[in-house]
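Work through the exercises below with the structure open beside you, and try each task before you read its solution.

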Amino acid sequence: MTWLQAAHSALHPASAQADRVGRLYNFLLIVAVLVFVAVMVAALWAAWRRRPIDEDTSPARDARAHRVIFAGAAATVAILFVALVYDLALGRSLTRRATREMLTVRITGHQWWWEVEYEDPTPQNRVRTANELHVPVGQTVALKLASADVIHSFWAPSLGGKKDLIPGHHNELWFTPTEPGLYRMQCAEFCGLQHAYMALEVVVEDSKKFAQWINAQRKPAATPPDTLTARGKLVFESGPCATCHAIAGTSAAGTIGPDLTHIASRRWLASGRLGNTRANLAGWIVDPQRIKPGVLMPSNGLEPADLQALLNYLASLK
Amino acid sequence: MTAASPPVIDLPPAVDPADHARLRRTYEPIRGFYAWLASVDHKSIAKRYIATCLVFFALGGLEAAVIRAQLSRPENGLVGPDTYNQVFTMHGTTMMFLFAVPIMQAMGLYLVPLMVGAKETAFPRLNALGYWVFLIGGVFIYTGFFLNAGADAGWFAYVPLSGPEYSSGKRVDIWAQMITFTEIAALIAALQTIATVLKLRAPGMSLNRMPLFLWAQLVTAFMVIFAMPSVATGSLFLSFDRLVGSQFYNPAEGGDALLWQHLFWFFGHPEVYIIFIPALGFISQIVTTFTRRPVVGYPVMVLALLVTAFMSFGLWVHHMFATTVPQLGSTFFTAASTLIAVPTGVQIFCWIATLWLGRPVWRTPLLFVMGFIAVFTIGGLTGVMVASVPFDLQAHDSYFVVAHLHYVLLGGAVFPLFAAFYYWFPKITGRLMNERLGRWNFWLLFVGVNVTFFPMHRLGLEGMTRRVYTYLESTGWGTLNLVSSVGAVIIVAGMAVFVVNLARSWRGGAVAGANPWDADTLEWATSSPPPPYNFADPIVVTSRSGLWAYGDEIPVLQGLRTDLPQVLVTTVMDAEPVLRHIHPSPTIAPFVMAVIIGAMLIGGIFTPWAYPAGLVAIGVPWLMWAWPRRRSYEHQEELKGTFSLEAPI
Amino acid sequence: MKPAKQVGVIHSLPENVFGAAALTWWAVVSLMLIEGTTLALCAGAYVYVRQNYYEWPPAHTPLPDLGIPSINLALMLLTIVPAWWVFRSARAHDRGGVLVGASLQAIMGVAIMVLRYFELQAVNVRWDTNAYGSVVWGVLVGHAVVMVTDVMDTIGLALMFAIEEPEEKHFVDSCENTQFWYFVVASWLPLFFLVYLYPRLG
């Protein structure tokens with residue numbers, strides 16, 4: 001499992017907003033390059049030009065220089081004003097809320113994972129998941145940002161700018177994805193020991209696939225098909241797992257850690273740190289501190305048989 | 001430590017040559033370690049300050065080296081997250097609080113009295129206090145660091161991460177208290193500078209004849225006075241949240257995480273201009289000297305400094321665009337952040353015009369000025385980019401900003417600082433630095449800075465966020481990080497060359513004489529290094545071009561005492577002589593007071609009672625300091641001196 | 001070095017001066033700017049936190065008392081008298097007058113400090129109860145620190161004038177101390193309004 005297929009560059013926009021910001025950047029970049037070249041040419045020419053020994057040193061030359069400087073200042077102001085008008089116009093237009101139907105998702109930042117909750121007027125349709133966000137292409141997604149502990153920041157560069165998740169405040173971010181694909185989001189505000197490994201994958205897909213996904217997510221956890229898997233469910237519910245994690249449809253209702261109802265449907269584990277494979281999951285359950293030192297999940301010494309059963313169970317939670 | 005004594009030549013002009021011996025006795029009555037501890041000579045204090053700041057610069061550089069080593073490869077295991085978090089926090093904290101601001105002020109503390117033509121700074125004892133407080137604060141936070149209690153919440157320590165709930169132990173408390181130490185030192189230096197520049201200028205040095213360096217120092221000092229209290233207040237609130245359970249920043253009890261950000265950045269934005277504006281002062285003097293003519297457009301240059309300083313207080317919210325600040329408010333800050341490029345741009349145009357109209361002399365200081373133009377302009381242009389909210393929401397907290405801030409700080413502060421070192425080293429030590437090594441120093445730094453930081457623009461746009469101790473290989477960030485780390489090695493090489501140059505020139509450099517560069521400002525009208533009393537008779541300034549305006553003689557006034565340390569006080573606007581001020585003698589009181597302040601502030605991270613206890617204890621050295629001294633002066637009658645109820649301001 | 005040419009003499013210039021021509025004035029004014037900014041920021045924090053609440057003081061937090069704070073305010077205003085006496089005596093080189101004025105000002109200053117301690121009880125909220133309590137204490141303690149440094153200064157001056165023949169510059173320092181004391185009192189007025197009267201405005 002790698003992030004190679006997931007776009008995460010402001011230079012590869014995949015949303016209406018990121019695209020417009022990309023254009024602004026290109027404009028500012030061109031202006032910057034031109035200004036830099038002009039300044040350097042002027043500076044180097046001024047410094048290295050050949051000066052005749054009997055060059056005129058009268059004050060009249062100073063007066064000419066003043067005029068040139070004034071022209072330079074005027075040009076600077078003009079260029080900056082153009083940039084400013086573009087900046088402010090784009091800023092205003094991007095903060096205007098879309099009038100169309102928006103998909104609203106509540107994102108809560110935790111040290112060091114992302115809680116994702118799809119809002120819906122019907123309570124049974126609300127979906128709770130973690131570290132993964134699915135959105136239908138072409139529809140505007142409104143993210144309601146909150147934090148459970150410290151300040152975090154939601155940033156998927158290909159999908160747009162970032163906004164901070166600040167405890168005690170509500171913040172909002174929206175984007176309209178235009179290209180199906182995978183996109184990487186990483187926390188952009190220093191939030192402690194594992195700030196570096198706090199990622200989330202955004203999956204942009206066509207509306208049919210999205211509908212399939214969200215319907216599957218709305219269902220409670222699959223009932224175990226065989227005894228080994230059932231044993232795994234028991235290990236989960238009766239052990240420390242249930243203190244922090246929730247699996248809908250079981251007695252595990254912990255809210256400290258990510259919801260695991262459909263963990264097998266996710267590509268990543270540990271907030272984008274590990275690919276979701278059986279081996280990785282085993283390593284993570286047994287010793288999370290080795291993989292993400294400082295993470296709030298404790299090590300779990302499990303009997304090998306229990307571990308295998310648990311892994312079977314978790315693998316069944318599609 | 002003094003340079004191996006170069007021959008004493010070129011003493012400052014004096015009508016009566018016997019005054020030199022008298023003044024030397026008056027200004028250096030005792031020698032030895034106690035004298036050093038009790039010294040109130042601004043040059044001695046400033047040299048310590050500069051040396052201490054350079055030590056912190058080296059430490060900050062070592063921290064940077066660890067960062068670049070760790071990030072050179074994906075999933076590198078050189079340091080773990082806890083160590084890394086301390087290292088990057090200490091890197092930023094050291095560079096900003098223990099190096100950049102203090103060294104700019106320290107250069108001022110050395111040069112300002114000399115450049116105004118005064119024998120001493122306005123408040124010599126206070127000056128000593130400022131240095132000792134600074135030293136104790138810096139040693140304090142580094143002691144914490146070496147005891148695994150290094151600050152680890154970032155150099156701007158956002159709450160709630162840095163608050164009592166999410167940062168345990170004393171790490172953040174030590175950091176917050178270090179701010180109090182350095183803020184006291186900075187305010188003391190600012191107070192000095194204002195009084196010295198406004199009241200101790202040489203007769204005839206009216207405000208419109210004042211060198212641009214002094215304008216820069218004056219403007220900066222006022223900025224410090226209005227900006228520093230903000231971070232000090234904010235950090236005291238943080239200390240109290242952590243120590244005694246106040247709720248300033250606790251959203252659960254009506255406090256606000258954003259209150260910290262406002263208090264911090266209201267200081268934090270002017271802070272970078274506090275670092276940058278003195279550098280602009282260096283550039284103006286160096287350009288003047290090495291183009292053999294005054295900078296073009298003096299009134300515009302002064303206005304640019306004033307406008308930049310003023311505007312810098314209206315930018316701070318641009319650090320908070322990703323928070324909940326409303327769009328209308330952000331508009332104002334975008335406009336201000338964009339337009340502040342104008343006064344600085346105008347200054348650069350004036351310097352380029354000066355280069356054009358002058359006759360450049362290619363020595364190392366001028367090379368660093370050219371480097372400044374290149375590197376700082378890039379930083380300024382990316383600054384205009386991040387001034388726009390939509391783009392900033394992409395670039396904020398990513399390596400793009402790391403690139404931007406290093407370009408403006410290295411280009412706008414460090415390059416001018418190196419130019420200043422090469423330029424004023426001869427004045428401070430009496431010897432010139434080596435030109436060939438200087439060129440190597442420059443080119444290695446110039447190449448190194450660009451190789452290290454240019455790729456970071458791209459890394460930021462590719463999604464790499466700040467303050468990450470590592471990254472996964474499949475993010476694709478490995479290559480550019482490696483390039484950047486190679487650049488860091490080049491920077492280290494450049495710094496090494498500087499250290500070698502410093503060491504060799506200290507005792508073995510060519511003897512400089514009073515004015516090796518044939519410069520125009522007053523510090524070059526005395527020996528190198530200056531005698532303890534700087535000048536014998538006050539020099540009368542007749543033009544903006546200082547020394548270049550004199551014929552065969554230097555006009556001076558006669559009448560300051562030589563039996564007591566005395567400076568000439570002049571009026572603010574026109575520098576007309578008004579008062580002969582006797583300034584205080586050396587004393588150990590500032591050192592003792594600094595130790596007590598140190599004990600109070602260090603105690604203050606353990607118990608709030610340290611504060612009242614400390615405040616009371618401060619009374620003792622304060623009395624030592626201010627008590628009427630009858631015995632130190634010989635002529636008690638003359639001690640009464642003459643007085644006047646009123647005098648022109 | 002070029003030789004010196006004498007173009008004027010300054011022997012007759014005074015060596016001590018009162019007012020803005022002297023250096024001490026500049027130190028004191030700079031300190032006023034610094035402390036003033038700090039107190040303004042404490043007040044700013046108070047105003048900032050206000051917007052986090054519907055009611056002010058917050059629900060279940062009583063209003064601050066008006067009794068002791070008003071007495072303290074009156075006492076502070078009264079100290080202008082001995083402070084002015086110090087100023088006047090210093091300019092007249094009257095050591096005795098300065099001693100009397102400074103002693104009175106110091107004693108009243110200590111009384112004000114004691115009353116300030118009781119004011120902290122009179123606000124009816126602890127610093128750690130909520131953010132309102134924190135910013136109220138922030139304002140009171142911040143101003144108290146500014147005040148205590150000047151009271152200590154005044155005590156020191158009184159001691160100096162009592163024990164030792166003062167130098168010229170100590171007369172100038174006494175005047176500057178008075179100016180700083182005026183600043184201490186003046187800066188309290190808006191803060192008093194903010195903490196004690198503004199919450200009552202409803």
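**Exercise 1.** How far apart do the C-alpha centres of domain 1 of chain A and domain 2 of chain A lie?

*Solution.* This is a predicted model, in which local features need pLDDT of at least 70 and side-chain atom pairs count only at pLDDT 80 or more, while totals for chains, interfaces and linings use all residues. Residues are numbered from 1 along each chain as its sequence is written, and chains are lettered from A and ligands numbered from 1 in the order in which they are written. Begin with the bounds, which come from an automatic or database domain assignment: domain 1 of chain A covers 1–50 + 97–218, and domain 2 covers 227–315. The C-alpha centres of these two domains of chain A lie 28 Å apart. Next, look at their contact (two residues are in contact if their C-beta atoms, placed from the backbone, lie within 7 Å), which takes 20 residues from domain 1 of chain A and 18 residues from domain 2 of chain A.

**Exercise 2.** Find why chain A is described as more spread out than a compact globule.

*Solution.* Finally, the C-alpha atoms of chain A fill a box of roughly 100 × 45 × 35 Å along the principal axes.

**Exercise 3.** Describe the open sheet of 4 strands in chain A and find its edge strands.

*Solution.* Two strands pair if DSSP finds at least two bridges between them, and here the order is β1-β10-β11-β5 of chain A, with mixed pairing. The edges are β1 (6–7) and β5 (132–136) of chain A, each of which pairs on one side only. Inside the order, β10(A) and β11(A) pair in the antiparallel sense over 6 bridges, and A:Tyr183 has A:Val202 in β11(A) as its bridge partner.

**Exercise 4.** Which element gives the most residues to the side of chain A that touches chain B?

*Solution.* Start with the whole contact, in which 70 residues of chain A meet 68 residues of chain B. On the chain A side, α2(A) gives the most, with 20 residues.

Notes:
Helices (H or I, at least four residues) and strands (E, at least two) are DSSP runs, numbered from the N terminus. The radius of gyration is taken over C-alpha atoms; the globule rule is 2.2 Å times the number of residues to the power 0.38.
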